[in-house]
Amino acid sequence: MTTTPLERVHTNPATRARTRERIGLITEAARRAGSYAANAAHRPVFPSPDAVAALDAFRTGLPEHGREPHELLAELDAFGSPATTVVNDGRYFGFVTGGTEPAAQAAAILAGAWDQNAGGGSPVASVLDAVTCSWVVDALHLPPTAIAAFNGGATVANLTGIIAGRDALLARAGWSVAERGIQGAPALRVIVGEEVHASALKALRLAGFGEAQIERVPTDATGAIDADAFPADTDALTLVLLQAGNVNTGASDPFSAIIPGVRDRGGWVHVDGAFGLWAAASPALRHQVSGVELADSWATDAHKWLSVPYDSGIVIVRAREDLHRAMAGDAPYITFAADAPMNKGIQISQRARGIETWAALAALGRDGLAALIERTCSQARRMADALAAGGAEVLAPVQLNQVLVAFGDEESTLATIAALEADGTAWAGTTVWKGRRAMRVSVSDAATTADDVDAAVAAMLRCWAGLRG
Ligand SMILES: *Cc1c(COP(=O)(O)O)cnc(C)c1O
């Protein structure tokens, strides 16, 4: 007997009631999400101490009995919404958080209702994964035959790229990790820049490489690897990690000077480009990452500069078989296409992350993406110029969308950052650059306008002046 759509209409009253409840809750959640967005401009960018203290309402033991879901939603909104950092209203400049492209946020709501497991088995998730992966490769000007895969973030993407490289180098040396494992395998030489991101080091550790096995190449005043200091004697068992977009300065390593030699000698180059790789999407800024397309693998994030909701990282590998060798894994009841997400990454079951990135890229288009990258970079320059004009010290030339600034000595810089948080107009975090504490500003929210930059600068200078009485 074939099942017709009509036969899927439920007659069971309990099923009908559950469906009604689901509809009511989803609709109510979307309404509350809309009102959260409407109120964003009226909230301090970092929540007030009172709002944070009110989170105590959540600190209870596991309830013995279930509660009414509408009541839970109201509680989440009442105590949760005021205790958020307001990251998509243009004035959050912390980390490289990025905002949320409205289309991507809306797609996430619909995709939440779909609840597709992108690992395999969902037609819509498969198609949107495949299409979006090819769009990402295109947007980033990487080799068109490269394979891309979504995952939880650039750390996972770094790990995936490093494992693909490790296993490829060993395979070429006649050692199959799948058969013989890692213990006793030929030793790999691992080279990074002094300014390597903590994420890449964590990924190396997870892939079996400890601190003492990692060689660090000196970097220049901008935080990019000094090409002249890069070893010329790498071999076919060498794994090199380069960086597109230093998290403090935005600087990228000299790819054209390093990558061809390493690859000619048989080595593997992986690039951590969590945010910086997106410079390639702008004709005006692409020169900053020129030669990056020569690498073997790349890690980036959709949840930072592209403004896709968390958590969305992307790994891209030049040769499909290198990613498949490292990540393919199936079972008799889960045998999907070679390019199914479960065969391109660590996770089997996974969120259909491609949907949100599809929406962001479709809403922006190639020109809108370039405009987003260029606009945020020019706002970073605007911020640096205005802060310098106000007497603050800009510690490194602005290369992309990151600004490093000091307000007098370290104590005064930290006090200014704390005062800015309490002021609530904007938020930026701290870092250490060349041994010195600094404020670190990342303009990575598409919502940021010149007015937001000016308001943030005025607040920073006001907070600094307030310290001096
Ligand atoms: C943010 C960042 C990472 C880590 O990315 P996650 O998505 O947080 O895992 C790695 N490298 C660089 C350069 C970054 O900026």
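Histidine 141 counts as partly exposed because its relative accessibility is 38%, and partly exposed residues lie between the buried limit of under 20% and the exposed limit of over 50%. The structure that holds this residue is a predicted model. Histidine 141 belongs to the loop that runs between α5 (123-139) and β1 (147-151). Although histidine 141 is not a glycine, its phi is positive, at about 55°.

Phenylalanine 95 also has a positive phi, near 45°, and is a residue other than glycine. Most residues other than glycine have a negative phi. The position of phenylalanine 95 is in the loop between α3 (69-80) and α4 (102-114). With a relative accessibility of 52%, phenylalanine 95 counts as exposed, since the exposed class is set at over 50%.

## The cis peptide bond

Tyrosine 310 and aspartate 311 are joined by a cis peptide bond, for which omega is about -10°. Most peptide bonds are trans. Aspartate 311 is located in the loop between β6 (297-301) and β7 (313-317).

## Surroundings of the ligand

The ligand is surrounded by 13 residues, and the closest are Thr155, Asp272, Asp301, His303 and Lys304. By residue class, this shell consists of six polar, four nonpolar and three charged residues.

In aspartate 301, an N or O atom of the side chain is 2.7 Å from an oxygen atom of the ligand. For histidine 303, the distance between a side-chain N or O atom and an oxygen atom of the ligand is 2.9 Å. In lysine 304, a polar side-chain atom is placed 3.0 Å from an oxygen atom of the ligand. Of the 380 Å² of accessible area that the ligand has on its own, the protein covers 84%.

## Helix α13

Helix α13 comprises 18 residues, 450-467. The distance from its first C-alpha to its last is 26 Å, close to the 26 Å expected at 1.5 Å a residue. The buried residues of this helix are Asp452, Val453, Ala456, Val457, Ala459, Met460, Cys463 and Trp464. Viewed down the axis of α13, these buried residues fall within an arc of 160°, and therefore they line one face of the helix. On the face turned away from the buried side, α13 carries the exposed residues Asp451 and Gly466.

Is glutamine 243 buried or exposed? Glutamine 243 is buried, because its relative accessible area is 7% and the buried class is defined as under 20%. Glutamine 243 is part of strand β4 (residues 238-243). Its side chain reaches the backbone oxygen of glutamate 195 at 3.3 Å. The side chain of glutamine 243 also reaches the backbone nitrogen of histidine 197, at 3.4 Å.

Threonine 425 likewise counts as buried, with a relative accessibility of 18%. Threonine 425 sits in the loop between α12 (410-423) and β10 (429-433). Along the chain, threonine 425 and histidine 42 are 383 residues apart, while their C-alpha atoms are separated by 10.0 Å.

Conventions
Residues numbered from 1 in each chain as written. Predicted model: local features only at pLDDT ≥ 70, side-chain atom pairs only at ≥ 80, totals over all residues. Heavy atoms only, no water. Near = heavy atom within 4 Å. Polar contact = N/O pair within 3.5 Å; in protein donor to acceptor, adjacent residues only side chain to side chain. Areas by Shrake-Rupley, 256 points an atom, 1.4 Å probe, with all protein chains shown as cover. Nonpolar A, V, L, I, M, F, W, Y, C, P; charged D, E, K, R; others polar. Helix = DSSP H or I, 4+ residues; strand = E, 2+ residues; numbered from the N terminus. Expected span 1.5 Å × (residues − 1). Buried < 20%, exposed > 50% of the residue type's maximum accessible area, 1.4 Å probe, protein only. Arc of directions from axis to C-beta.
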